[in-house]
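The sequence and structure come first.

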Number of protein chains: 2
Amino acid sequence: MGITRYESGSRTAATVLDEAKRLVEPAYRSSLDRIAPPIRMIVGYHAGWLDATGRPSKQVGKSVRSALVLASAKAVAAAEPPQGVAEAVAVELVHDFSLLHDDLLDGDEQWRNRRTAWSVFGERGAQLAGDALLAMAINEMVGRPGITLLSKALVALCNGPSADIDSEHHEPVGLDESLAMIESKTAALLSCACEMGAIAGGADPEQASALADFGHHLGIAFQLIDDVLGIWGNPGVTGKSLYPDLANRKKSSPIARALDSTGPTADVLRELYRDAGRDHETLHRIACLIELTGAREWAEREADRQLGAALDCLTGIAADEATEDLRLLAAMMTSRPA
Amino acid sequence: MGITRYESGSRTAATVLDEAKRLVEPAYRSSLDRIAPPIRMIVGYHAGWLDATGRPSKQVGKSVRSALVLASAKAVAAAEPPQGVAEAVAVELVHDFSLLHDDLLDGDEQWRNRRTAWSVFGERGAQLAGDALLAMAINEMVGRPGITLLSKALVALCNGPSADIDSEHHEPVGLDESLAMIESKTAALLSCACEMGAIAGGADPEQASALADFGHHLGIAFQLIDDVLGIWGNPGVTGKSLYPDLANRKKSSPIARALDSTGPTADVLRELYRDAGRDHETLHRIACLIELTGAREWAEREADRQLGAALDCLTGIAADEATEDLRLLAAMMTSRPA
């Protein structure tokens, strides 16, 4: 299967996501039902189930992480599927915790054409809601073997953004640090998702470790493409504003790569990036200069390499049909802007 | 033993605290060593080990929760003490998480004559530091039976302050809600501390449950006295400003009780509390009016009742000498302002 195809026969990544959502969403919701009402409203808004007044709304999430957990369980399943629903809920809770607190940390008022939770309910409410999500995630995993993995991912996740803190106030982040942040902020949780799913599905240690590696490499590929989308993505598709990572002065990996590179283009870029304002024309020029340094091509090639490494991990752990959902998800998660 | 004495022979509550600190502090510090440097500095400052520039400073914490964990383990100890060090570290980490995030939520710039972490390092850093503390607490407990209890306490803790949110923006908190907040914010963690300690010490289910109840009642008594100190405490002793709970319009239980009561004094109080500024003279008048409604006496009597219930839980689970440390700690934690 080509690495950019995300359908296989009649089965598509969308089918895999829909199935996961149907299985995981009720369990996720009943986990949130244990949160006290005012905080539950914030969490429900953040998850897309409620509007800002608390009325039911359309769910907007994609459940990619849930789907990875279930697909990993299915890939090795000794037991009858579905396995891994509780693990999927825990991963989604941790992911939502991390998004909610990140929006607050970054001061982002919009995410996918929607006001962020803190900008609607205030910083206080958003912080409490994030804490409650984390508490529910732990609660979900108590008594399950995967809790060790979730705890490890949490430590990585909470250690990740600290480079961020430094970068805003001190020196620019170099490429190495930027890649380290990808590992701790994205790859750690996806690796955890796949390994927890594998264990829930009854994996032997070799399979569990292979699926952990799959999630790790996929996480890096996914984030690199997300970084590419953060600069060159079409806002109509991504739901983000134009050049969001440039406007917010994030140090995503293509930006770090471009700022680290040599030559006259990079010199002009560095000067513009450091001094200039952030009007639309400047952002456009910066995006062009970054692309001219070869950073976009680098990111896409590196994403391909990581995706290849991820798919290699699937070889030999199970029959091709068993890992089909994982391949479909991997291709979808790394599909790039036209 | 009288419930207000906190020494017994040559052994005092201070001895119990010192022993606990000597055992738990190195383990606590090595847990923090796994946090990334910029965040570790914030956490170290919050814990009192570092000053704002990162230089070593005097530790200010009292380790009351650690001491309760170890004393609970000792009370039932089948195994050789000390048991419960990891559990004590986890409880301290959760407590520090909760303090750090609470200071941020409440916007408190000072705590015990020291600037709070967020006021030194910013909101962003304080939030990350809180998250990291929570992650380390979970990490500490992975693979230990007490994690179920810690998870339950976390859910209670994160559900607790939501009444707070409501109270600031909507209606005043009634006495029932104020007591419910005491249960979820203080009693849940102390109950968890004692029960985790008991389990680490090899308690049978009956002993574990009795120690959970002990911690629960002690937690309520402790918080009631803390609420009394928050209004009538001597700032030279508490290290807090004068009338901190009144100045910050907190709805602690004596305040809720006074505002809920009937009669002309309460009418005057309600009007003053709602409308007036917060200059020193007004705070003093409010404190007097609260006392005149009988709310202080109520809180102290209720604290005594809860302390009595706590001590009753110790009867029969072990010999008196085995529970001596718990009694010393209980008396110290509920000693009231002169």
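An axis here is a line fitted to C-alpha atoms, for helices over the stretch in contact, and the angle between two axes runs from 0 to 180 degrees between N-to-C directions. The model is a predicted one.

**Helices 15 and 16 of chain B**

The axes of helix 15 of chain B and helix 16 (residues 324-333) of chain B come within 11 Å and cross at roughly 175°. Angles over 145 degrees count as roughly antiparallel, and that is how helix 15 of chain B runs relative to helix 16 of chain B. Helix 15 of chain B contributes B:L307, B:A310, B:L311 and B:L314 to the contact, and helix 16 of chain B contributes B:L326, B:R327 and B:A330. Six of these contact residues are nonpolar, none is polar and one is charged.

B:E302 also belongs to helix 15 (residues 295-314) of chain B. Is B:E302 buried, partly exposed or exposed? There are 18 other C-beta atoms within 10 Å, so B:E302 is partly exposed; a buried residue would need 20 or more. The C-alpha atom of B:E302 is 8.9 Å from that of B:I220, although the two residues are 82 residues apart along the chain.

**Helix 2 of chain B**

Helix 2 of chain B covers residues 37-47. Nine of its eleven residues are buried, so the helix is largely enclosed by the rest of the structure. The buried residues are B:P38, B:I39, B:M41, B:I42, B:V43, B:G44, B:Y45, B:H46 and B:A47. After the helix comes B:G48, with a positive phi near 95°.

The axis of helix 2 of chain B comes within 9 Å of the axis of helix 5 of chain B, and the two cross at roughly 105°. This makes the two helices of chain B roughly perpendicular. On the helix 2 side of chain B, the contact uses B:I39, B:I42, B:V43, B:Y45 and B:H46. On the helix 5 side of chain B, the residues are B:A117, B:V120, B:F121, B:G125, B:A126, B:L128, B:A129, B:A132 and B:L133. The contact between helix 2 and helix 5 of chain B has twelve nonpolar residues, two polar and no charged.

**Contact between the chains**

Chain B and chain A each give 32 residues to the contact. On the side of chain B, the elements with two or more residues there are helix 2, helix 4 (85-106), helix 5 (117-141), helix 6 (147-159) and helix 7 (161-169). Helix 5 of chain B supplies the largest share, eleven residues. By type, the residues on this side of chain B are 19 nonpolar, nine polar and four charged.

Chain B superposes on chain A by a rotation of 180° with 0.1 Å of shift along its axis, with an RMSD of 0.1 Å. This is the relation of a two-fold axis. The same surface serves both copies, as 100% of the contact residues of chain B recur in chain A.

**Chain A**

Chain A has 16 helices and four strands. Of its 338 residues, 57% are buried. Among contacts in chain A between residues at least 6 apart in sequence, 73% join residues at least 24 apart.

Helix 6 (residues 147-159) of chain A has 13 residues, which at 1.5 Å a residue should span 18 Å. The end C-alpha atoms of this helix of chain A are 18 Å apart, in agreement. Eleven of the 13 residues in helix 6 of chain A are buried, so this helix is largely enclosed by the rest of the structure. Among them are A:I147, A:L149, A:L150 and A:S151.

Notes. Residues numbered from 1 in each chain as written. Chains lettered and ligands numbered in written order. Predicted model: local features only at pLDDT ≥ 70, side-chain atom pairs only at ≥ 80, totals over all residues. Buried ≥ 20, exposed ≤ 12 C-beta atoms within 10 Å, placed from the backbone. Contact = placed C-beta atoms within 7 Å. Nonpolar A, V, L, I, M, F, W, Y, C, P; charged D, E, K, R; others polar. Expected span 1.5 Å × (residues − 1). Least-squares fit on C-alpha atoms with pLDDT ≥ 70 in both. Parallel < 35°, antiparallel > 145°, perpendicular 65-115°, else oblique.
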